[in-house]
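Subject: Structure handover

Hello,

Here is the structure I said I would pass on. Some notes on what was found in it follow below.

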Amino acid sequence: MEQITMVQLDQLHPHEKNPRIDAATVAELVESIREHGIEVPLVAAMHPSGVGHVVLAGHRRLSAALQAGLTEAPVQIRDDLTDARDQLAFMATENIHRDQLTAVEESRLVQDMLDLGMTQAQVAKQTALGKKRVADRVKLGKLAEQTGDKVHRGQITVDDALVIAEYADDPDTAKELEQAAGTYNFDFYTSRAKARREARQHVDNAKKEAKKLGLRVVDEEADFIALAELLTEAGWTTSALDEAAAAEVSGQEWEDLVYTEHASCPGHSARIIETGWDAGTIDVGCDQVATQHGDALAENREEPEPELDPWDEITAEDFAAAKIHREQHLAKHLSQLDAEPTAIEMATEQLLGQCWREYGDSPDAIAFVEALTGVEGKSRVRRKLASWPLAALVLLNAQWWEITAHHRYMAEGRQGSSYWGEKSKLRHLLEDTGYEWTEPEQRAILLATGIPHDATDDTEAGAALAEGGEAV
C-alpha cells in the first residue's frame, strides 16, 4: 500500500486533463479545511518533468487548501501511474465511482482517453462505464460549448442533450432544439428535425436518380411545368399521344409514352421537390414552355386577391405542437380518469341503438332487451340499463347481434351446432351466469353437437354418440 506523505502545495500541479469543470468553485470546502484540515489525502504521481507531482485525485481539495492558506497537504504517491492512459483511467474510476462527475465531465474524460489512441471498448473496460454509456458520452462531446455548459448546469437533461447531439452538424437545428429543450414542444421540434433530415436524404437520393436517368435538374424557382400540366393546361400533344388517347391507353403505358414524346424537347428536365411530405419526388417536365410550346400555351387567368383568414394566424407548427401536447397530456392522465359514468351512458345508448334503429326498429331486439330488463319502452329500458355494470353493457354491445340471433334460432328449434354448441356466445353467457338447461334444451344440445351439455371430457362425448346423439 502506498504511504501518505506531506507534500508542499507548490510541488503539486493540477492534471491538465482533470475532468472536473468546477474544480475551483470550493467555497464551502475552504471553510471545512480551515476548521478540520484535509481529512482525505490527495492522490498524485510524479510530474512528467521530474519536478513535483501531478494531482490525479483531489483537485478541489488542492484548490481549497491553497485558498485556505495551507502550505502542505497529505498525498498518496502512486509511482505505478506514470502512463497517461493509466492516469486518465484512474481519474475516471476515482470520480465516476464516487458519482462526482457530470455527464459533460465524463464526456471530456472519455474524449481525452480516445485522443490517446484508446478505442471506445477499451475506455468502457478501463472505466467500467459500459459501452453504451461511453458511446453516449462521445455523442455529448459533439455539442456546442454553450450547450454542453447548460447540460453541465442541469439546465438541459442528458436525454435531451443526446438528441441535440445528433444534429451537431446542423447548427441551426441544434440551436432550435436547445431552445425547446425542457418544454412540451421538444418532441415536436425533434420530430420536425428528423423529418427535415429524412427529407434532405430523399432529395439527395432523388438527385442521384435523376442524374442516373440523364435528366437535367432545375431548381424550384425555375419556370417549370410538369408533363401532366403541360398536357392539360398548355394543351401540348403529339400525333402519337392523340392516337394513344383515342385507343384509351392509360396507366404506366401512357406515362411512359408522354415521357418518350417529350424527351427530345430542349426544355426536357426534372424538378425535385425539396420540402413537405413529398420531398424527394421527381417531377419530369419542361422549363422552356414559352419558347418550345408557346403556340399551345393557354392564357393564364388572373387569380382574385385572397381574403385574409384569421385561421392563417395559427401556423401549422402551432397545430402540430398542440397535437403532441394533447397526446402527452392524455398519456399522463387517461389511465387515472374516472370515465365510468360517461362510458355507461355511451354503452347504454349504443345498445339502445341496436334495438331502436334510425333506419327501422328491430322488433326481435326490442322484445329481447325488454325481456332482459323487465320493463317496456325505450325510456324505461334506458334507465334500467344505466344501472347495470359497465362490463355487462360492453359484453352485450360486442356480441349483441350473435346473442339475439342465437336466441331466436333456439326459440325456432333450429338444429345447427353453431348456436347450440360450446362456441355459441349465447351459450357462454348463459352458462357464465349459472343457467340451468331445461330437459328439452339438454336434448337439443346433444342432438346438435353429439355432446351432453355437461360433458367434461371426450369419453363422455363418445358415449353420448354411441347412445344415439348426432354431431352436426
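A residue is called buried under 20% relative accessible area and exposed over 50%, with partly exposed in between. Tyr435, at 32% relative accessibility, therefore counts as partly exposed. Please keep in mind that this is a predicted model.

Aromatic pairs

The structure holds 5 aromatic pairs. Two are described here. In one of them, Tyr409 and Tyr419 have their ring centres 5.2 Å apart, with 55° between the planes, and the pair is tilted. Tyr409 belongs to helix H19 and Tyr419 to helix H20 (residues 417-420), so this pair ties together parts that are 10 residues apart in sequence. Tyr409 is buried because its relative accessibility is 17%, and Tyr419 is buried with a relative accessible area of 9%.

Another pair is made by Tyr435 and Trp437: the planes stand at 85° and the centres are 5.1 Å apart, so the pair is edge-to-face. Is Trp437 buried or exposed? Trp437 has a relative accessible area of 8%, so it counts as buried.

Asn397 and its surroundings

Helix H19 spans residues 390-411 and also includes Asn397. With a relative accessible area of 10%, Asn397 is buried. Which residues does Asn397 touch, leaving out those up to four places away in sequence? They are Ala347, Gln350, Leu351 and Gln354. With Gln354 there is also a polar contact between the two side chains, at 3.0 Å.

Gly353 is in helix H16, which covers residues 340-353. Its relative accessible area is 36%, so Gly353 is partly exposed, whereas Asn397 is buried.

His59

The last item is a residue in another helix. His59 sits in helix H2, made up of residues 59-68. Its relative accessibility is 8%, so His59 counts as buried. What does the side chain of His59 reach at 3.2 Å? It reaches the backbone oxygen of Val55.

Regards

Notes
Residues are numbered from 1 along each chain as its sequence is written. This is a predicted model: local features need pLDDT of at least 70, side-chain atom pairs count only at pLDDT 80 or more; totals for chains, interfaces and linings use all residues. Side-chain values use heavy atoms; hydrogens and water are left out. Helices (H or I, at least four residues) and strands (E, at least two) are DSSP runs, numbered from the N terminus. Buried means under 20% relative accessible area, exposed over 50%, partly exposed in between (1.4 Å probe, protein chains only). A polar contact is a pair of N or O atoms within 3.5 Å; within protein, one must be able to donate a hydrogen and the other to accept it, and residues adjacent in sequence count only if both atoms are side-chain atoms. Contact means heavy atoms within 4.5 Å. Rings of Phe, Tyr and Trp (its six-membered ring) pair if their centres lie within 6.5 Å; planes under 30 degrees apart count as stacked, over 60 as edge-to-face and the rest as tilted.
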